[in-house]
Amino acid sequence: MGIQAFDEIMGAASSEGARPELRALCQWLDETPNDELRRRQQAAETTFRQLGITFAVYGESDASERIIPFDIVPRVFLADEWSRLSEGLIQRVEAINAFLDDIYGERKILRDGILPPDLIFGNPQFRPEIAGMRPTHGVWAHICGIDLVRTGPDEFFVLEDNARTPSGVSYMLENREAMVRLCPELFAKFRVAAVDSYPDMLLETMKSVSPRGCGQNPTCVVLTPGHYNSAYYEHSFLADSMGIELVEAADLVVDDDIVYMRTIAGRVKVDVIYRRVDDDYLDPLVFRPDSMLGVPGLIAAYAAGNVAILNAPGNGIADDKAIYSYMPDIVRYYSGAEPKLKNVETWRCREPEALSYVLDHLHELVVKLVDGSGGYGMLVGPTATKAQIEHF
């Protein structure tokens, strides 16, 4: 699909001057010397490097830690733009939750012919081990990372849905803190909505899905694979911001379908786990038996309703790239309304005509592994060399 870039400050290509709502930002850019903008940019990057606010990309020849991307020019959403965008995101996430609840339950969407069954049952992200289980309070995707591209004032497209263990919110929070410190004058010009309440909202979300009978103060933890994980900074940042424990598999034990945390004062019952461990490694008794990152018996405790897990196991089927191509139909099926956010034009390579088109136009397209996540297994045709395209 050919997507025309949208200049968010200047608006349409034919417009004269900045969009009225962003003239103050344009004026700030014009009046601030380039050397000063560059100095502030470098100051932010230096701070991120000193604090260890980094990530790594697995599988690349250069697997060194990188600092998070930072742009001294802020991206601004007007309040009414954000409101409309939020409506579309809420509709989509509600449909994702309904889809997961259905696909691991009655599977009405398959009986009604909306999706081909082999797309579900032949997919490695579908977890038959948890079919029939229901998460506490019926919530599957507590946190979703919906990737968007903007092509016009009111034109947003969804690139993909991340419903497994979405990552990156800590980087957004650190970006905002850097902007407040380095460009305070911008916050005097604009009434900027605060974002620092995210950890509090996340903790409230965790508490809201705790198993019944846990009282007002359930014990919540963040489960991390460990400090070698590319997003470990975020795991520790969120645990610290919420004031809860950051734990690894060795810190947890399951006894009689109840999860306990080992502490120097003895065992403490755990009610809610925000897990940042992929399904495959979550419980060696159910998924990969060689996993050293999971907690034996965790899924049994989950099935018994004694612990809540955010996000629920099995969510990967909802952000599968082939399922993505059916998301407009999924939204219509569960909401009874037209999708407020559109997909980008997508070709399903399982269909012969689409496959033929894709192979002939690899240099123009982005191709994704259907069950991939985090950008792995991708080809970005317009920026790839002929050799890379041929290899792919």
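Two strands pair here if DSSP finds at least two bridges between them, and strands (E, at least two residues) and helices (H or I, at least four) are DSSP runs numbered from the N terminus. With that in hand: strand 5 (residues 220-223) and strand 6 (residues 245-247) run parallel, joined by 3 bridges. This is a predicted model, so to speak of local features takes pLDDT of at least 70 and side-chain atom pairs count only at pLDDT 80 or more, while totals for chains, interfaces and linings use all residues. Residues are numbered from 1 along each chain as its sequence is written, and side-chain values use heavy atoms, with hydrogens and water left out.

- Four strands make an open sheet in the order 6-5-10-11, and the pairing is parallel.
- Strand 6 and strand 11 (308-310) sit at the edges with a single partner strand each, so one side of each has no neighbour in the sheet.
- From one strand to the next, the twist averages 25°; angles run from 0 to 180 degrees between N-to-C directions, and axes are lines fitted to C-alpha atoms, for helices over the stretch in contact.
- On the strand 6 side, L223 has V247 as its bridge partner.
- Strand 5 also runs parallel to strand 10 (residues 272-275), with 4 bridges joining the two.
- V221 has I273 of strand 10 as a bridge partner, and I273 in turn has I309 in strand 11.
- Strand 10 and strand 11 pair in the parallel sense as well, over 3 bridges.
- Which way do the side chains of strand 5 point? C220 and V222 go one way, V221 and L223 the other, and all are buried (buried is under 20% relative accessible area, exposed over 50%, partly exposed in between, with a 1.4 Å probe and protein chains only).
- Helix 9 lies across strand 5, strand 6 and strand 10, at about 150° to strand 6.

- Another open sheet has 3 strands in the order 3-4-12, with mixed pairing.
- Its edge strands are strand 3 (145-152) and strand 12 (342-343), and each pairs on one side only.
- Strand 4 (residues 155-162) pairs with strand 12 in the parallel sense over 2 bridges, and V158 stands opposite N343 of strand 12.
- Helix 3 packs on this sheet, touching strand 3, strand 4 and strand 12, and its direction makes about 140° with that of strand 3.

- Helix 3 (residues 79-103) and helix 13 (residues 327-335) have axes that come within 9 Å and cross at roughly 80°.
- That makes helix 3 roughly perpendicular to helix 13 (65 to 115 degrees counts as roughly perpendicular, under 35 as roughly parallel, over 145 as roughly antiparallel and the rest as oblique).
- On the helix 3 side, the residues that meet helix 13 include Q91, R92, F99 and D102; among their partners in helix 13 are M327, I330, Y333 and Y334. Contact means heavy atoms within 4.5 Å.
- By class, this contact of helix 3 with helix 13 has 9 nonpolar, 2 polar and 2 charged residues (Ala, Val, Leu, Ile, Met, Phe, Trp, Tyr, Cys and Pro count as nonpolar; Asp, Glu, Lys and Arg as charged; the others, Gly among them, as polar).
- The axes of helix 8 (residues 198-208) and helix 9 (residues 232-242) come within 9 Å and cross at roughly 80°.
- Helix 8 and helix 9 are therefore roughly perpendicular to each other.
- Y198, P199, L202, L203 and M206 of helix 8 make the contact with L238, S241 and M242 of helix 9.
- That contact of helix 8 with helix 9 divides into 7 nonpolar residues, 1 polar and no charged.

**Cysteines**

- How many disulfides turn up in a search of the whole structure? The search finds 0, a disulfide being a pair of cysteine sulfur atoms within 2.5 Å.
- C26 is in no disulfide, and the nearest cysteine sulfur, that of C183, is 15 Å away.
- C26 is buried at 17% relative accessible area, whereas C349 is partly exposed at 36%.

- The peptide bond from L310 to N311 is cis, with omega near -20°.
- N311 is found in the loop between strand 11 and helix 12 (321-324).
- D256 isn't a glycine, yet it has a positive phi of about 55°.
- D256 lies in the loop between strand 7 (252-255) and strand 8 (258-263), and is exposed with a relative accessible area of 68%.
- D257 lies in the loop between strand 7 and strand 8, and its phi is near 65°, a positive value in a residue other than glycine.
- D257 counts as partly exposed, at 33% relative accessibility.
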